[in-house]
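Please look over the sequence and the model shown here before reading on. The report that follows takes up a few of the model's features in turn.

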Amino acid sequence: MTTTSTSRAPRVPPPPRWVVRAAHVVAWSTVPSGVWRIALVLGVPVGVMEREEFLAGFPDHSPLIAMAYVLLIGAVAETASYLTLGLVRPWGEVVPRWIPLLGGRPVDHRFAVLAASLGALAVTVLWWILFFGGLLTAPSQDPGMSAGEVFFVASYAPLLLWGPLLAAVTWSYHRRHQVRAGV
């Protein structure tokens with residue numbers, strides 16, 4: 001006969017459905033801008049900037065370096081936004097076993113909350129300042145928006161959701177861990 005110990009810490013309550021949905025929105029919020037940047041490097045007319053203008057910022061106007069740069073930015077943004085799912089999934093409670101040195105260890109929720117809070121603040125400030133301080137106020141030759149400009153804004157606008165939704169998901173994660181701790 002096997003017995004189990006009842007002295008374990010209480011389990012973390014599951015996240016509310018809206019929090020899980022918000023985490024998924026965060027994870028997908030970086031995809032449209034990544035697609036836009038890849039289209040730019042591949043020479044697809046995206047309206048706001050032409051490929052040659054973009055490539056002028058790279059040594060020897062190299063499309064390979066530009067593509068590597070764009071893919072690296074996309075990978076970093078996707079990875080960072082994807083980590084939000086850890087706040088609503090089991091791997092946000094215990095590090096997956098396949099990760100060397102850390103696998104199987106519990107995640108320190110205080111560190112997760114601190115890192116996610118700083119990330120939420122950083123991406124909120126970054127994207128809101130860039131979007132409203134630069135992208136939308138840049139001088140234009142004509143008063144209307146071209147189809148390319150609409151595509152550009154539609155591609156980058158989801159990034160405005162990243163910070164506030166990450167903050168909401170982080171707050172929920174923090175509150176659920178306080179319930180477990182009995183605070």
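Is arginine 110 buried or exposed? Arginine 110 counts as exposed, because its relative accessibility is 59%, where exposed means over 50% relative accessible area, buried under 20% and partly exposed in between, computed with a 1.4 Å probe on protein chains only.

## Basis of the report

This is a predicted model, in which local features need pLDDT of at least 70 and side-chain atom pairs count only at pLDDT 80 or more, while totals for chains, interfaces and linings use all residues. Residues are numbered from 1 along each chain as its sequence is written, and side-chain values use heavy atoms, with hydrogens and water left out.

## The salt bridge

The structure holds 1 salt bridge, a term for a side-chain nitrogen of Lys or Arg within 4 Å of a carboxyl oxygen of Asp or Glu. Its partners are the side chains of aspartate 108 and arginine 110, with 3.2 Å from N to O. Aspartate 108 counts as partly exposed, since its relative accessibility is 36%.

Helix H2 covers residues 31–42, and its 12 residues reach 17 Å from the first C-alpha to the last, close to the 16 Å expected at 1.5 Å a residue; the expected span is 1.5 Å times one less than the number of residues. Helices here are DSSP runs (H or I, at least four residues), numbered from the N terminus. Among the buried residues of H2 are Ser33, Gly34, Trp36 and Arg37, and H2 is followed by glycine 43, whose phi is positive, near 95°.

Leucine 72 lies in helix H4 and is exposed, with a relative accessible area of 55%. Although leucine 72 and glycine 34 are 38 residues apart in sequence, their C-alpha atoms are 10.0 Å apart in space.

## Serine 62

Serine 62 sits in the loop between helix H3 (51–55) and helix H4 (63–82), and serine 62 is buried, with a relative accessible area of 14%. A polar atom of the side chain of serine 62 lies 3.1 Å from the backbone nitrogen of isoleucine 65.

## Residues lining the largest pocket

By class, the lining of the largest pocket has 17 nonpolar, 4 polar and 1 charged residues. The largest share of this lining, 6 residues, comes from H5.

Key. Helix = DSSP H or I, 4+ residues; strand = E, 2+ residues; numbered from the N terminus. Nonpolar A, V, L, I, M, F, W, Y, C, P; charged D, E, K, R; others polar. Polar contact = N/O pair within 3.5 Å; in protein donor to acceptor, adjacent residues only side chain to side chain.
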